[in-house]
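This report describes one protein chain for a reader who has not seen it before.

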Amino acid sequence: MRRMVLAVSAAVCLLAGCTHPIFDNEYPTVNEFDVNRADIVYVDKKLGNPVRVQITGAGVVDVETGSSPLLTDSFSIDTSHVQWNDIQRGHQTISREDARMIFQALVNHGLCRKEPPELEKPPAGLPADFKPERQARVVANFNGRIIKREVVFDELLLGHIEYVTKVFLRQSKGKR
């Protein structure tokens with residue numbers, strides 16, 4: 001019975017994600033695995049519309065941009081929204097190793113940090129209605145670890161997310 005409880009506890013901890021206290025390594029190695037995936041939503045006022053990039057461990061990359069509320073909220077139900085159908089989609093494939101390298105770079109730039117550094121916290125004195133120039137939301141599953149992160153003030157991670165997003169956005173526009 002005791003072994004069963006320990007086994008179940010260990011399984012729960014393993015499935016809890018890389019932000020769980022049992023994982024001391026904030027920069028784990030991402031293995032080449034088909035079910036790894038990252039869903040990145042990047043918003044930059046200079047770009048205009050939000051960009052969503054979905055990458056799977058198998059190398060499938062889907063890029064979406066436009067003014068539809070579906071880009072920033074997959075569960076949006078406002079079908080009467082004026083821009084509901086304003087989504088441009090692109091699809092491409094990359095190698096599994098390239099996908100793994102992108103995932104590893106996200107981890108290396110701090111995606112799995114347990115406690116965001118001071119620079120992730122807003123500077124003192126910001127108004128309550130502050131809207132950043134750029135921000136990102138990343139939901140990922142690497143090696144069975146689930147990561148959910150809002151990125152606003154972490155310039156290192158945000159810069160890398162911006163780079164990945166713009167590379168795939170540029171490539172998807174070139175294929176149309």
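## Arg 52

In this predicted model, Arg 52 has a relative accessible area of 4%. Buried means under 20%, so Arg 52 counts as buried. Arg 52 belongs to strand 2, which covers residues 51–56.

A polar atom of the Arg 52 side chain lies 3.3 Å from the backbone oxygen of Leu 70. Leu 70 is also one of the residues that Arg 52 touches when residues up to four places away in sequence are not counted.

## Asn 36

Asn 36 sits in the loop between helix 1 (2–15) and strand 1 (37–44). Although placed in a loop, Asn 36 is buried, because its relative accessible area is 1%.

Leaving aside neighbours within four places in sequence, the contacts of Asn 36 include Val 30, Asn 31, Ile 55, Thr 56, Gly 57 and Phe 103. Asn 141, Phe 142 and Asn 143 are also among them. The C-alpha atoms of Asn 36 and Ala 58 are 7.9 Å apart, while the two residues are 22 residues apart along the chain.

## Strands 5 and 6

Strand 5 (residues 134–142) and strand 6 run antiparallel and are joined by seven bridges. Ala 136 stands opposite Val 151 in strand 6. The two strands form a hairpin with two residues between them. Asn 143, in the turn, has a positive phi of about 55 degrees.

## The chain as a whole

The protein chain has three helices and six strands, in the order α-β-β-β-β-α-β-β-α from the N terminus on. Of its 176 residues, 40% count as buried. The chain exposes about 10400 Å², of which carbon and sulfur atoms supply 57%. Among contacts between residues at least 6 apart in sequence, 64% join residues at least 24 apart.

## Confidence

The mean pLDDT of the chain is 80, and 76% of its residues reach 70 or more. Among the elements, strand 2 has the highest mean pLDDT (95) and helix 1 the lowest (52). Over residues 14–23 pLDDT stays under 50, and the model has 19 contacts beyond four places in sequence for these residues.

Note on methods. Residues numbered from 1 in each chain as written. Heavy atoms only, no water. Helix = DSSP H or I, 4+ residues; strand = E, 2+ residues; numbered from the N terminus. Buried < 20%, exposed > 50% of the residue type's maximum accessible area, 1.4 Å probe, protein only. Polar contact = N/O pair within 3.5 Å; in protein donor to acceptor, adjacent residues only side chain to side chain. Contact = heavy atoms within 4.5 Å. pLDDT = per-residue confidence, 0-100. Pairing = 2+ DSSP bridges. Areas by Shrake-Rupley, 256 points an atom, 1.4 Å probe, with all protein chains shown as cover.
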